[in-house]
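This briefing concerns a pair of helices in a predicted model and the confidence assigned to that model. The structure is shown first, followed by notes grouped by topic.

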Amino acid sequence: MNKENLSSFPKELCEQNNRKSLGSIKLEFSFQGIAIRLNWFNTLETKKIINETWHSHSGIEVHFLIDGSNEILAGNKHFDVSKNEMLIIPKNISHCLKNPTQGQYTRCAMNVDITKSDSKNQFLYDFFSLTEPRKLCINNNILNLLEECRNESKTTYSNYIEIIELNVLKILISIVRELTNYSHSTNENVVKITYSTQLAENALAIIEENACKNLSVKTVANMMHISTKHLQRIVQNEFHCTVYELIVNSKLQIAKHYLINTQMSIADISEALSFTSEQSFSRFFRKNEGQTATVFRMGSLNKDIIQPTP
């Protein structure tokens with residue numbers, strides 16, 4: 001843990017900008033093979049916006065509105081963040097903050113970096129793969145943890161840094177739970193849904209819902225607001241296949257349904273599945289099923305013929 005740079009902001013800056021308590025605290029700690037670095041963690045109680053210019057950071061930034069409201073522009077999106085709401089801004093996303101009402105507000109802000117060594121725990125790591133800002137409600141648990149951090153930094157009792165460090169970890173875990181709709185069983189066997197699992201299941205749902213369209217790996221990644229590399233990795237880890245294979249299988253299942261349960265022609269099925277031509281669909285079906293669509297249809301019809309009893 002890095003205990004350097006724990007001094008408060010200069011007195012004149014505190015008086016000018018009303019920065020409170022947490023000041024310029026910086027921490028470095030690890031959790032299950034994941035290294036977490038807290039670049040800053042501060043609280044503002046003021047009517048002014050300290051930095052209204054567009055800027056970005058290498059770490060992920062979270063703004064917690066404890067009271068009042070702020071307007072935050074992030075990327076090409078606009079967010080009105082009110083009391084008991086937070087905005088998560090991914091790393092390298094250009095953003096600026098405004099206070100159009102000029103009213104008093106209280107806002108906590110933290111900026112965090114994360115690196116992964118040899119860990120199979122994706123729960124926190126995938127949180128830092130977000131590519132789009134997200135607004136969430138601040139639950140009571142997070143509010144209490146933020147308040148405890150502020151109190152500990154004021155009193156500076158023995159081991160206060162360790163308590164703040166623990167609370168920061170709890171806050172991050174709570175945020176990821178909110179992002180993933182985390183739930184657990186009341187039975188002895190607790191079921192944990194990781195962020196990676198949730199993303200993989202979302203990818204599968206998107207592919208199945210859009211299988212009739214001209215779908216590509218890049219299209220799926222764009223719809224999920226994540227990179228193609230990240231998408232490929234989580235699908236491989238969860239389903240042990242590629243994204244392309246999921247797309248092919250979804251199209252193939254729909255094609256089989258049409259061939260078995262409808263009177264649609266091969267040309268109509270080809271068009272329904274967004275192939276450029278009947279020949280293109282025929283090549284696709286034969287390559288992945290090992291026989292032509294016509295032979296497959298005839299085989300399914302023969303299976304349905306009721307054999308006469310001797």
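Helix H5 (residues 217-224) and helix H6 (residues 228-239) have axes that come within 9 Å and cross at roughly 95°. H5 is therefore roughly perpendicular to H6 (65 to 115 degrees). Axes are lines fitted to C-alpha atoms, for helices over the stretch in contact, with angles from 0 to 180 degrees between N-to-C directions; helices are DSSP runs of H or I with at least four residues, numbered from the N terminus.

**Contact between H5 and H6**
- Val217, Lys218, Val220, Ala221 and Met224 of H5 meet Thr228, Leu231 and Gln232 of H6 (heavy atoms within 4.5 Å).
- By class, this contact has five nonpolar, two polar and one charged residues.

**Burial and the end of H5**
- Val217, Val220, Ala221 and Met224 are the buried residues of H5 (under 20% relative accessible area, 1.4 Å probe, protein chains only).
- Viewed down the axis of H5, these buried residues fall within an arc of 100°, so they line one face of the helix; the arc is that of the directions from the helix axis to the C-beta atoms.

**Confidence and conventions**
- The protein chain has a mean pLDDT of 80, and 79% of its residues reach 70 or more; pLDDT is the predictor's confidence in each residue, from 0 to 100.
- The pLDDT is below 50 over residues 1-21, a stretch with 40 contacts in the model beyond near neighbours in sequence.
- Residues are numbered from 1 along each chain as its sequence is written, and side-chain values use heavy atoms, leaving out hydrogens and water.
- In this predicted model, local features need pLDDT of at least 70, side-chain atom pairs count only at pLDDT 80 or more, and totals for chains, interfaces and linings use all residues.

How values were computed:
Helices (H or I, at least four residues) and strands (E, at least two) are DSSP runs, numbered from the N terminus. Angles under 35 degrees count as roughly parallel, over 145 as roughly antiparallel, 65 to 115 as roughly perpendicular and the rest as oblique. Ala, Val, Leu, Ile, Met, Phe, Trp, Tyr, Cys and Pro count as nonpolar, Asp, Glu, Lys and Arg as charged, and the others, Gly among them, as polar. Buried means under 20% relative accessible area, exposed over 50%, partly exposed in between (1.4 Å probe, protein chains only).
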